[in-house]
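Look at the structure first, then read the points below.

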Amino acid sequence: DAPVVASASAPVEKSYIMIKPDGVQRGLVGEVIGRFERKGFKLVGLKMFRCPRQLAEEHYGELKDRPFFPKLVDYITSGPVVCMVWEGDGVVASARKLIGKTDPLEADPGTIRGDLGLHKGRNVVHGSDSPENGLRETGEEELITEGMNVSVTANPLR
Ligand code: IDP
């Protein structure tokens, strides 16, 4: 039989979750973190910071040709955000379910956006849309946190 490969060496799936400026301003930080904690995923990085314009433009680079892009960058840079890395098998897809659809008016009740938001341009929280982007976004964030984040130093894309 083939030897069993130690699972400790396999990268654990990560999602980059960011509470956007409206979520911070409205006092929803605890509410959002609590939902992820109650679900059972593991918090491995947490930081509050003011996103520089250049990083916001990189983070949303795939949307740069969309008409709302300048307003999106204005919004994300308008106040402090809370950046987190959550870890666990299936965390990316599960976090997207917890967060709900992009437009809070279409998001199901029970989701963060469905329960707490009203507008696409103020939708409280970001969550990575694929495991690859989870690692990429975690890596971007790690550059900012400069050693405050212990677990993400295992990021293989770094
Ligand atoms: P997602 O955050 O649900 O993954 P994306 O399509 O990746 O959605 O868009 C990124 C962010 O851009 C959204 O969360 C939202 O804040 C903003 N956005 C998307 N579409 C619109 C729009 O039509 N008007 C204003 N903002 C938008």
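Helix α2 spans residues 29–39, and V32, I33, G34, R35 and F36 in helix α2 are buried. Buried means under 20% relative accessible area, exposed means over 50%, and partly exposed lies in between (1.4 Å probe, protein chains only). Helices (H or I, at least four residues) and strands (E, at least two) are DSSP runs, numbered from the N terminus.

This is a predicted model: local features need pLDDT of at least 70, side-chain atom pairs count only at pLDDT 80 or more, and totals for chains, interfaces and linings use all residues. Residues are numbered from 1 along each chain as its sequence is written, and side-chain values use heavy atoms, with hydrogens and water left out.

**Around helix α2**

- The cover over the buried residues of α2 includes the strands β1 (14–19), β2 (42–49), β3 (81–87) and β4 (125–127).
- The helices α5 (91–99) and α6 (112–116) are also included in that cover.
- Contact here means heavy atoms within 4.5 Å.
- G40 follows α2 and has a positive phi, near 115°.

**The chain overall**

- The chain holds seven helices and four strands.
- Along the sequence, their pattern is β-α-α-β-α-α-β-α-α-β-α.
- Of the 158 residues in the chain, 48% are buried.
- Among contacts with a separation of 6 or more, 73% join residues 24 or more positions apart.
- Accessible areas come from the Shrake-Rupley method with a 1.4 Å probe; for residues, only the protein chains shown count as cover.

**L43 in strand β2**

- L43 sits in strand β2.
- L43 is partly exposed, at a relative accessible area of 33%.
- Beyond its neighbours within four places in sequence, L43 contacts M84, V85 and W86.
- K14 is 29 residues away from L43 along the chain, and their C-alpha atoms are 9.7 Å apart.

**The ligand site**

- Residues surrounding the ligand include K20, Y60, L63, F68, L72 and R96.
- T102, R113, K120, G121 and N123 also surround the ligand.
- A side-chain N or O atom of R96 is 2.8 Å from an oxygen atom of the ligand.
- R113 places a polar side-chain atom 3.0 Å from a ligand oxygen atom.
- K120 uses a polar backbone atom, 3.2 Å from an oxygen atom of the ligand.
- Taken alone, the ligand exposes 530 Å², and the protein buries 79% of that.
- A polar contact is a pair of N or O atoms within 3.5 Å; within protein, one must be able to donate a hydrogen and the other to accept it, and residues adjacent in sequence count only if both atoms are side-chain atoms.

**The loop between α6 and β4**

- N123 lies in the loop between α6 and β4.
- N123 is buried, at 2% relative accessibility.
- The N123 side chain reaches the backbone oxygen of T102 at 3.1 Å.
- Not counting residues up to four places away in sequence, N123 touches K20, D22, Y75, T102, P104 and R113.
- V124 is in the loop between α6 and β4.
- V124 is buried, at 0% relative accessibility.
- Phi of V124 is positive, near 75°, in a residue other than glycine.
- Most residues other than glycine have a negative phi.

How values were computed: A residue is near a molecule or strand if one of its heavy atoms lies within 4 Å of it.
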